[in-house]
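Colleague: I would like to learn how to read the sheet and the helix packing in a model like this one. Could we go through it feature by feature?

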Amino acid sequence: LMVVEVILVLVMLVLVVNSFAKYRRQIIRYATTDELTGLSNRKSFHTEFSEFTQSENRPQFSLFLLDIDYFKQINDNYGHAAGDHALKLLAEKIMEMVKETGGCAGRWGGDEFIVISGNADSRYAEELRRSIISLIEKENRHGVNPFKFSVSIGYVLTDPKSKRTVNDYVDEADRMMYEIKNEYHRNNPSD
């Protein structure tokens with residue numbers, strides 16, 4: 001009888017430990033992932049950025065900042081579910097890019113996203129920027145969404161010897177993104 005009780009206690013302990021491990025993984029996922037898009041949240045992206053830049057032989061890389069143009073109008077004209085759908089679509093396109101290039105991506109806030117690409121050549125970064133825009137344009141042409149949208153994308157090439165923070169790089173990419181966004185608005189005032 002004593003052996004059976006010990007076995008039962010051990011089985012119960014294993015079940016309890018497995019349950020805690022499962023819930024721990026869920027809690028970590030909830031704490032590090034943007035629920036809507038499945039990308040890293042801002043806090044988690046800061047950690048990923050630090051890990052990316054802390055290595056002894058840290059590479060040069062590109063940091064992209066993306067923003068949906070006229071996002072408020074999508075929400076106002078088609079409802080918040082449509083706005084959420086636009087965010088998810090952009091996140092999917094970003095994930096496709098990250099899988100192809102290596103790196104990581106996150107939702108920076110609202111309708112802004114952030115991406116690190118392992119390749120830091122300016123020509124390649126510009127190709128990636130144009131590629132994402134092209135993917136969105138293709139979605140607009142062939143998608144079944146009631147709305148069409150565009151994105152403004154800024155990027156910066158990092159300096160591996162620099163002590164700059166993620167916020168320093170984001171500020172620079174943000175300036176480029178808003179220059180592009182302002183030019184887009186000047187050229188497309190009715191969009």
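This is a predicted model: local features need pLDDT of at least 70, side-chain atom pairs count only at pLDDT 80 or more; totals for chains, interfaces and linings use all residues.

Colleague: How many bridges join strand 3 to strand 1, and how many pair strand 3 with strand 2?

Modeller: Strand 1 (residues 62-68) is joined to strand 3 by 6 bridges, and the two run antiparallel. Strand 2 (residues 103-109) pairs with strand 3 over 6 bridges, also in the antiparallel sense. L63 is opposite I116 of strand 3, R107 is opposite F113, and G103 has S117 as its bridge partner.

Colleague: What lies between strand 2 and strand 3?

Modeller: They form a hairpin with 2 residues between them. In the turn, G110 has a positive phi of about 55°.

Colleague: Is strand 3 enclosed or open to the outside?

Modeller: Burial is judged residue by residue, with under 20% relative accessible area as the cut-off. In strand 3 (residues 112-117), 6 of the 6 residues are buried, so the strand is largely enclosed by the rest of the structure. Both of its faces are covered: E112, I114 and I116 are buried on one side, and F113, V115 and S117 on the other.

Colleague: What is the relative accessibility of S117, and which residues is it in contact with?

Modeller: S117 has 0% relative accessibility and therefore counts as buried. Leaving aside neighbours within four places in sequence, S117 is in contact with F61, S62, F64, T101, G102, Y124 and L128.

Colleague: Now helix against helix. At what angle do helix 4 and helix 5 cross, and with which hand?

Modeller: One reads the angle, then the hand, then the residues in contact. The axes of helix 4 (residues 80-101) and helix 5 (residues 122-142) come within 10 Å and cross at roughly 140°. The two helices are therefore oblique to each other, and their crossing is right-handed. Helix 4 contributes L89, L90, K93, E96, M97 and T101 to the contact, and helix 5 contributes Y124, L128, I132, L135, I136 and E139. By class, this contact has 8 nonpolar, 1 polar and 3 charged residues.

Colleague: And how far apart are the axes of helix 3 and helix 4?

Modeller: The axes of helix 3 (residues 71-78) and helix 4 are 6 Å apart, and the helices pack at an angle of about 140°. They are therefore oblique to each other. F71, I74, N75 and Y78 of helix 3 meet H80, A82, G83, A86 and L87 of helix 4. This contact divides into 6 nonpolar, 3 polar and no charged residues.

Methods. Residues are numbered from 1 along each chain as its sequence is written. Side-chain values use heavy atoms; hydrogens and water are left out. Axes are lines fitted to C-alpha atoms, for helices over the stretch in contact, and angles run from 0 to 180 degrees between N-to-C directions. Helices (H or I, at least four residues) and strands (E, at least two) are DSSP runs, numbered from the N terminus. Angles under 35 degrees count as roughly parallel, over 145 as roughly antiparallel, 65 to 115 as roughly perpendicular and the rest as oblique. A crossing is left-handed if the near helix is turned anticlockwise from the far one by less than a right angle, and right-handed if clockwise. Contact means heavy atoms within 4.5 Å. Ala, Val, Leu, Ile, Met, Phe, Trp, Tyr, Cys and Pro count as nonpolar, Asp, Glu, Lys and Arg as charged, and the others, Gly among them, as polar. Buried means under 20% relative accessible area, exposed over 50%, partly exposed in between (1.4 Å probe, protein chains only). Two strands pair if DSSP finds at least two bridges between them.
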